[in-house]
Amino acid sequence: MKRIKWIRRVLQLLVIAGVCLLPWLNAADWRGVSGSFFALDFGGLSFADPVAAAQVAAMGVLPAPRLLGGAVLSLGLALLLGRVFCSWICPYGFFSELAHSLRWRRGCGRLQVRQAFWGKTLLLAMGLVAALGAGFPALGIVSLPGEISLLPVLVWQGDDVWLLLGAAAVPLAALALEFATGKRLWCRFVCPQSVLLGAAARCLPAKAPGLRIGWQVDRCSCKGAPPCQQACSLDLNPRRIGGPDRRDCTHCGDCVATCAGYGKALEWRGRGER
């Protein structure tokens, strides 16, 4: 099961490499992939940040068909596969996990926080209200996958170094705070994209086909602090009937890989609890 993590890491690195090279590839008239994580065209399919579409609508502008269709497609994938974007594709997610891993290896304990979804929902609502009242897309600044995907564009355009540093300021500050606390604070408490993706994932009916992590009580042999929960960088509890909450779980697979040595009570499932 450890190969899942290696596959995920390779995919994350390929995404980051692709984001870095994309402006030069597009400039050379290769259009297989174009755009940013705000709105991305991938082989003719449009994937868009649902928050970007919601902001445009809140500003009183009808989202363009491609933006609206891309947002619907992103939410549909989250419905079927859960928040896999956050742990398999999002460039900030990779750096956040790296900062957490480095801090964890220094022997520092992690904060134990249980509920964070509604706090993120409140921040998202406040951002949409700001867009509605002031006509300013404030949530774009805190869309870290989108902001990171724009950095290579600024480099390619040869923009002023201060402009580049300004664009990188929020991701760097978020990573510094996470490294200092040993906690994945942004992904857990702030990220507005995770609210809509998590809400979509939570809507999947219990018996419907879709990616899940299931927990079998009779196989669980852990005593004391469960290693699967210790393996979760978001401090979720995988030992729930039906597995961890799809609203918060990013399906990184770390808990499943850890549990493989403790009775295999956690496993991937394509359907709901049987």
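**Salt bridges and burial**

Analyst: Lys183 is buried, with a relative accessibility of 2% (buried means under 20% relative accessible area, exposed over 50%, and partly exposed in between, with a 1.4 Å probe and protein chains only). The model is a predicted one, in which local features need pLDDT of at least 70 and side-chain atom pairs count only at pLDDT 80 or more, while totals for chains, interfaces and linings use all residues. Residues are numbered from 1 along each chain as its sequence is written, and side-chain values use heavy atoms, with hydrogens and water left out.

The partner of Lys183 is Asp235, and their side chains form a salt bridge with an N to O distance of 1.6 Å (a side-chain nitrogen of Lys or Arg within 4 Å of a carboxyl oxygen of Asp or Glu). This pair joins distant parts of the chain, 52 residues apart: Lys183 lies in the loop between helix H8 (161-181) and helix H9 (185-190), and Asp235 in the loop between helix H11 (227-231) and helix H12 (254-259) (helices are DSSP runs of H or I with at least four residues, numbered from the N terminus). Asp235 is buried as well, at 3%.

Across the whole structure, the search finds 11 salt bridges. In one of them Arg247 pairs with Asp245, their closest N and O atoms being 3.8 Å apart; Arg247 is buried at 10%, and Asp245 is buried at 15%. Both residues belong to a network of salt bridges that also links Arg188, Arg202 and Asp248.

Glu267 and Arg269 form another salt bridge, with 3.5 Å between the closest N and O atoms. Here Glu267 is partly exposed at 24%, whereas Arg269 is buried at 9%.

Technical notes: Helix = DSSP H or I, 4+ residues; strand = E, 2+ residues; numbered from the N terminus.
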